[in-house]
Amino acid sequence: MIERQDQNCFFLLANDSYAELDYRQFFNPDYWLKKERVSGTAKGRGTTYFLQTEDLFGVNVSLRHYYRGGLWGKIIRDRYRFTALSKTRSFAELRLLQKLYLAGLPVPKPIMAVVEKGKLGICYRADILMEKIENAQDLTALLQHQTLPSEIWQQIGGLIRQLHDLQICHTDLNAHNILLQQTETGQKCWLLDFDKCGEKSGDFWKQGNLERLQRSFHKEIERMKIQFSTQNWQDLLSGYHNRQI
């Protein structure tokens with residue numbers, strides 16, 4: 001990865017071929033709007049912009065600004081305390097995505113990240129660019145209208161096992177952060193949202209990570225009326241425990 005600095009902005013590029021591009025503009029939504037390259041948006045804590053960039057990066061991408069959640073998010077919406085570049089939200093997530101991407105896991109291709117420090121250097125704001133997974137829906141959207149075959153649940157379990165074998169704890173492992181993509185050869189599962197995730201030693205946390213995912217499914221049974229059964233969970237665990245290492 002390559003780091004660049006432009007006054008109080010620090011850029012992290014996942015690929016040295018991006019260094020020739022005008023990446024200083026890439027984190028400004030107005031730049032893409034003027035070029036008519038915004039294909040859509042998604043609302044969450046803020047707005048994620050989906051961009052037509054296949055000619056630039058080989059894939060279309062999403063642009064996301066980092067916002068705080070909870071009580072702090074109502075007071076300090078998008079500023080974080082700066083200690084080191086490696087610990088900033090966008091740089092840490094991009095580096096983790098790069099590790100997982102190079103390991104062959106189905107995660108969005110990392111593109112680049114920016115950290116903008118305030119004038120006093122105490123706080124920073126951050127943005128990230130990563131691949132947009134095409135023709136995909138999160139599990140909750142699908143499970144509102146259909147059931148999934150056991151092979152898909154096993155695929156999901158095997159994917160989580162891959163993550164755990166790399167000692168990566170997904171701290172927000174839930175049904176919304178698993179995508180199912182329709183491809184020419186079948187259905188493929190993807191994992192999303194690695195903000196605040198990272199390496200964790202030992203095995204003591206892995207069962208709890210799985211239980212967190214299970215709780216998210218049960219929560220969506222009540223909230224979104226998704227179709228999820230005990231057998232679905234057993235198929236997922238089968239994929240997790242039987243994956244060939």
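Student: Which residues of α6 meet α8?
Tutor: This is a predicted model. In it, Ser-150, Trp-153, Gln-154, Ile-156, Gly-157, Gly-158, Ile-160, Arg-161 and His-164 are the α6 residues that meet α8. On the α8 side the partners are Asn-232, Asp-235, Leu-236, Gly-239, Tyr-240 and His-241.
Student: How does that contact divide into nonpolar, polar and charged?
Tutor: The contact of α6 with α8 has eight polar residues, five nonpolar and two charged.
Student: And the geometry: at what angle do α6 and α8 pack?
Tutor: About 45°, with the axes 6 Å apart. The two helices are therefore oblique to each other, and their crossing is right-handed. For the numbering, α6 covers residues 150–165 and α8 covers 230–242.
Student: What about α7 and α8, at what angle do they pack?
Tutor: α7, residues 206–223, packs against α8 at about 150°, and the axes are 12 Å apart.
Student: Why are α7 and α8 called roughly antiparallel?
Tutor: Angles over 145 degrees count as roughly antiparallel, so α7 and α8 are put in that class. α7 passes α8 in a right-handed crossing.
Student: Okay, pockets. What volume does the largest pocket have?
Tutor: About 1100 Å³. Its lining is made up of 33 residues, which divide into 11 nonpolar, 10 polar and 12 charged.
Student: Which residues lie nearest its centre?
Tutor: Thr-48, Arg-64, Asn-177, Leu-192 and Asp-193 lie nearest the centre of the largest pocket.
Student: What is the volume of the second largest pocket?
Tutor: About 170 Å³. Asp-6, Cys-9, Phe-11, Arg-24, Phe-27, Asn-28, His-65, Val-114, Val-115, Glu-116, Arg-125 and Asp-127 line that pocket. By class there are five nonpolar, two polar and five charged residues in the lining of the second largest pocket.
Student: Which element gives the largest share of that lining?
Tutor: β7, with three residues. β2 (9–13), β7 (110–117) and β8 each supply at least two.
Student: Change of topic. Where is Ile-122 found?
Tutor: Ile-122 sits in the loop between β7 and β8.
Student: What is Ile-122 in contact with, leaving aside neighbours within four places in sequence?
Tutor: With Tyr-80, Arg-81 and Phe-82, once those neighbours are left aside.
Student: And how many residues apart are Ile-122 and Thr-83 in sequence?
Tutor: They are 39 residues apart in sequence, and 7.9 Å apart in space, C-alpha to C-alpha.

Notes. Residues are numbered from 1 along each chain as its sequence is written. This is a predicted model: local features need pLDDT of at least 70, side-chain atom pairs count only at pLDDT 80 or more; totals for chains, interfaces and linings use all residues. Side-chain values use heavy atoms; hydrogens and water are left out. Axes are lines fitted to C-alpha atoms, for helices over the stretch in contact, and angles run from 0 to 180 degrees between N-to-C directions. Helices (H or I, at least four residues) and strands (E, at least two) are DSSP runs, numbered from the N terminus. Angles under 35 degrees count as roughly parallel, over 145 as roughly antiparallel, 65 to 115 as roughly perpendicular and the rest as oblique. A crossing is left-handed if the near helix is turned anticlockwise from the far one by less than a right angle, and right-handed if clockwise. On a 1 Å grid over the protein atoms alone, a cavity is a set of points where a 1.4 Å probe fits but cannot get out, and a pocket is an open set with protein on both sides within 12 Å along at least five of seven lines; lining residues have an atom within 4 Å of a point. Grid points are joined across faces, edges and corners, and a volume is the space filled by probe spheres set on the points. Ala, Val, Leu, Ile, Met, Phe, Trp, Tyr, Cys and Pro count as nonpolar, Asp, Glu, Lys and Arg as charged, and the others, Gly among them, as polar. Contact means heavy atoms within 4.5 Å.
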